[in-house]
Amino acid sequence: MPETIRYYFTRPDETPPDVLDQICDLVAKSDGVGTSWMRENLDKAFLIGYAIHEDRVVGTSTHKFPKEKYVKKIGTETGLDLSGFLERGYTAVDPAFRNRGIGLKVIQGLIERSKGKKIYVTIDTNNPWPLRMAQRVGMVLAGRFINDRTGHELGVFTNVTPPLNSQNEIIP
Ligand SMILES: CC(C)(COP(=O)(O)OP(=O)(O)OC[C@H]1O[C@@H](n2cnc3c(N)ncnc32)[C@H](O)[C@@H]1OP(=O)(O)O)[C@@H](O)C(=O)NCCC(=O)NCCS
């Protein structure tokens with residue numbers, strides 16, 4: 001790969017504002033990623049990963065604190081208790097730089113720097129590349145539900161087996 005790509009993994013307060021702007025642009029331009037409250041979630045995230053080529057963000061992913069309302073919704077839909085989990089999201093690579101391993105490297109870098117953290121990611125089950133990346137980093141399918149906004153089926157993948165939420169506990 002001729003171009004030099006540099007990888008960064010920073011807390012929100014260590015991340016230059018113009019980089020956060022570029023991340024929002026890149027994610028907003030990429031299909032398959034929900035963008036509501038994006039800037040707010042990035043400003044409060046656990047860790048932000050991004051790849052830079054000639055001062056431009058060409059790839060990104062983030063370990064964020066999901067909104068409780070959303071965790072509850074997934075819980076109601078799947079029976080999973082994801083409280084205390086980080087959500088990996090806002091994963092996108094510039095189309096001109098795809099299929100070169102950048103996406104995987106950003107995710108691997110986030111995982112290395114999130115040791116001991118419980119993580120989930122929701123992926124459209126018809127979106128092959130993020131599914132492949134999840135498999136590559138050992139995430140396991142724990143549940144599925146239909147996304148109200150798109151009508152698409154989302155798989156919930158986790159790095160540890162989540163407990164069932166109280167409504168779904170198996171009574172011995
Ligand atoms: C998903 C996305 C971030 C992947 O980024 P990327 O840098 O192209 O991914 P990588 O190069 O690391 O490839 C990841 C895997 O997918 C495969 N892959 C990715 N794009 C591919 C393509 N166009 N053709 C064939 N294989 C492809 C790679 O071979 C790799 O699999 P491998 O490790 O078994 O070889 C990128 O496709 C994207 O931005 N998509 C739009 C937004 C999106 O869907 N985000 C995820 C929402 S959950």
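**Exercise 1.** What span should the 13 residues of helix α1 (residues 17-29) have at 1.5 Å a residue, and how far apart are its end C-alpha atoms?

*Solution.* The model examined here is predicted. The expected span of a helix is 1.5 Å times one less than its number of residues. For the 13 residues of α1 this gives 18 Å, and the end C-alpha atoms are 18 Å apart, which agrees.

**Exercise 2.** Determine which residues of α1 are buried and which elements they pack against.

*Solution.* Step one: a residue counts as buried under 20% relative accessible area. In α1 the buried residues are V19, L20, I23, C24, L26 and V27. Step two: these residues cover an arc of only 165° around the axis, so they lie on the same side of α1. Step three: the face turned away from that buried side carries the exposed residues P17, A28 and K29. Step four: the buried residues pack against α2 (38-43), β2 (47-53), β3 and β4 (86-93).

**Exercise 3.** Identify the element that gives the most residues to the largest nonpolar core.

*Solution.* The largest nonpolar core has 22 residues, of which I5, A51, F97, I102 and M139 touch the most other members. At least two residues each come from β2, β4, α4 (102-112), β5 (119-124) and α5 (128-136). The greatest contribution is that of α4, with five residues. A second, separate core of 16 residues includes I23, L26, M38 and I52.

**Exercise 4.** Is P66 buried or exposed?

*Solution.* P66 is found in the loop between β3 (56-64) and α3 (68-78). Its relative accessible area is 18%; the cut-off for buried is under 20%, and P66 is therefore buried. Beyond four places away in sequence, P66 touches V71, F85, L86, E87 and Y120.

Terms used
Residues numbered from 1 in each chain as written. Predicted model: local features only at pLDDT ≥ 70, side-chain atom pairs only at ≥ 80, totals over all residues. Heavy atoms only, no water. Helix = DSSP H or I, 4+ residues; strand = E, 2+ residues; numbered from the N terminus. Buried < 20%, exposed > 50% of the residue type's maximum accessible area, 1.4 Å probe, protein only. Contact = heavy atoms within 4.5 Å. Arc of directions from axis to C-beta. Core = buried A, V, L, I, M, F, W, Y, C linked by side-chain atoms within 4.5 Å.
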